[in-house]
Amino acid sequence: MTSHIAATGTVVKNKAIIWTISGADCSGGAGIAADIKTGHNLKVEVCHLITANTVQNSHQLLAINAVDVDILAAQAKALTLDKPPAVIKIGLIANQQQLTWLVAWLGNIKQQFSSVIVVYDPVLQASVGGRLSKLISTELQPLLPLIDVITPNLIEATQLSAMVNSPTTADVLTLANRILSLGVKAVIIKGGHQQQAANQVVDCSDTCLQSLTSSQRQVYTLRADKIATNASHGGGCSFATALASFLAHGYLLRDAFTLSKAFIHQGLALSHETECGTNDYRAFEQGPWPTQPSDFPSVFSPLIARHKKLPPFPCLGLKPSEKLGLYPVVDSLAWLKRLLPLNIKIIQLRIKDKQGQALANTIAQAIALARSYQCRLFINDHWQLAMKYGGYGVHLGQEDLANANLMAIARAGLRLGISSHGCYELLLAKQLQPSYLAIGAIFATKTKDMTGQIQGLANLKQLLALAESVPVVAIGGINTEQRLQQVWQTGVNSIALVSAITKAAQPLEVAKKWQAQLV
Ligand SMILES: Cc1ncc(COP(=O)(O)OP(=O)(O)O)c(N)n1
Ligand SMILES: Cc1nc(C(=O)O)sc1CCOP(=O)(O)O
Ligand SMILES: [Mg+2]
């Protein structure tokens, strides 16, 4: 969402704009119809350039009818300055002329609007049967370096990867790596086409491989139970358009991927509920912005796989509906000595500038001091020292998790708080059953570089719903009373503050006053 100042002086929010360049399906299930419905439900404005006027029903594809490339060029020209896209979603490319135009035009548009993101759903085959495009996968090669995210299903991924290597069976990650070597920045391989026998639960995993630098690639794998339904026509188009919509709203790829999978799960579950007993292939059911935890996938990662037997971390010992309130995050014993007498319920020692014996001594003293005040002290990062000195809890970030012995922390009876920045990280952290989940950064902050990870209040509310019964701590840029109130009203359990206290002219007065407001 972008904004501009209107003549009246008020800030006007503009809806994010996506373009879809795809075919029309007269049966209303797939293509442009799916794209418009999805974009509308996910609160973006959709401009559509139709590549083909297909004739199809729920049983077969009868004709393609490619649109003249001059019409596409004229539409693109008319819209470029009038409604510039945040994201362009490409679906059906009907023939070689369209492909040639698209390659040249995308090259120009990417120069003109450097932030534009291109999502490509490589529909070559119609789900009702028959070829939708005259193109064969090798002809797509010049297009691929212009694509930010490509969203093939397993069959399409195998066809695309055959450009790099012989089409032998390969695991999903090998396919994804081959596709990235064709020049796209990220690939999401959808696993939903696996066959399902009656009454059998089939795991539907989608894998995203993103190229971060020339030598670094990041994998995200999301799992859900496959839902058996006939109402899936246009599900692939809807997934790619959902991804385009969430990217247009500014979500990171991992979060846009997670939200899109939830959107598809929700739609399939909706149609399942309204299944009318016929075997007809029907349009994918479009739901609203996904918010229900049951629609969200589970995260699969090596970390999660290593921790299948991890017990839940101990809870925080709160009475029903009791809240922790103010959560100061400080970097010295001196700060603990000043703040602990205020009767706060939780505090964190976050030391970044000490090591060796000095660090160990400080942590040992901090643990003893907090215990004498019966305050819940979380030690940031240094989990071995927290365990050694019998601490109450440990706070770890997502990067810290990889190097921590979570089983040892749990067995030692320490509580665990985990940072999260967006729904992917929140779902991952939640699967580890921590004592609390931190969500940040709510606002921009000077205390730590959180570029690209600012959540805002609306996203905080969504994430809070996903946390379900796990207590949530909000952190980041909460440095005015107005922000404190806005965050508190979302229903979080606690608010963590660094600079609002440590950089205040009168820190104890601020801590007392703000603590009194968080009840
Ligand atoms: C309550 C709370 N939330 C988040 C953080 C950040 O932890 P992490 O991501 O590990 O970053 P560092 O604090 O180690 O820089 C936190 N400390 N506390
Ligand atoms: C340490 C830290 N972690 C964050 C996260 O989002 O994980 S934001 C943050 C800085 C919080 O400092 P302040 O209250 O001064 O903005
Ligand atoms: Mg850390």
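How many helices and strands does the secondary structure of the protein come to? The count is 18 helices and 20 strands, where helices (H or I, at least four residues) and strands (E, at least two) are DSSP runs numbered from the N terminus. With a radius of gyration of 26 Å, close to the 24 Å that the globule rule gives for 519 residues, the protein is as compact as a globular protein of that length. The radius is taken over C-alpha atoms, and the rule is 2.2 Å times the number of residues to the power 0.38.

This is a predicted model, in which local features need pLDDT of at least 70 and side-chain atom pairs count only at pLDDT 80 or more, while totals for chains, interfaces and linings use all residues. Residues are numbered from 1 along each chain as its sequence is written, and chains are lettered from A and ligands numbered from 1 in the order in which they are written.

The C-alpha trace spans about 80 × 60 × 50 Å along its principal axes. Of contacts between residues at least 6 apart in sequence, 64% join residues at least 24 apart; a contact requires C-beta atoms, placed from the backbone, within 7 Å.

**Domains**

An automatic or database domain assignment divides the protein into domain 1 (2–300) and domain 2 (309–517). Their centres, taken over C-alpha atoms, are separated by 39 Å. In the contact between them, 11 residues of domain 1 meet 11 residues of domain 2. On the domain 1 side, α7 (253–273) and β12 (298–300) each supply at least two residues, and α7 gives the most, with 4 residues.

UniProt, in an unreviewed entry, places the feature "domain: Thiamine phosphate synthase/TenI" at residues 331–501; such annotations may be inferred rather than shown by experiment. That span is 43% helix and 18% strand, and its end C-alpha atoms lie 12 Å apart.

**Ligand surroundings**

A residue is near a ligand if its C-beta atom, placed from the backbone, lies within 6 Å of it. Nonpolar means Ala, Val, Leu, Ile, Met, Phe, Trp, Tyr, Cys and Pro; charged means Asp, Glu, Lys and Arg; the others, Gly among them, are polar.

| Shell | Nonpolar | Polar | Charged |
|---|---|---|---|
| Ligand 2 | 7 residues | 8 residues | 1 residue |

Around ligand 1 there are 17 residues, and the closest are Gly397, Ser419, Ala438, Ile475 and Ala496. Strands β16 (393–396), β17 (415–420) and β19 (472–475) each give two or more residues to this shell. Ligand 2 has 16 residues around it, of which Gly440, Thr445, Thr447, Gly476 and Ser499 come nearest.

Notes. Two residues are in contact if their C-beta atoms, placed from the backbone, lie within 7 Å.
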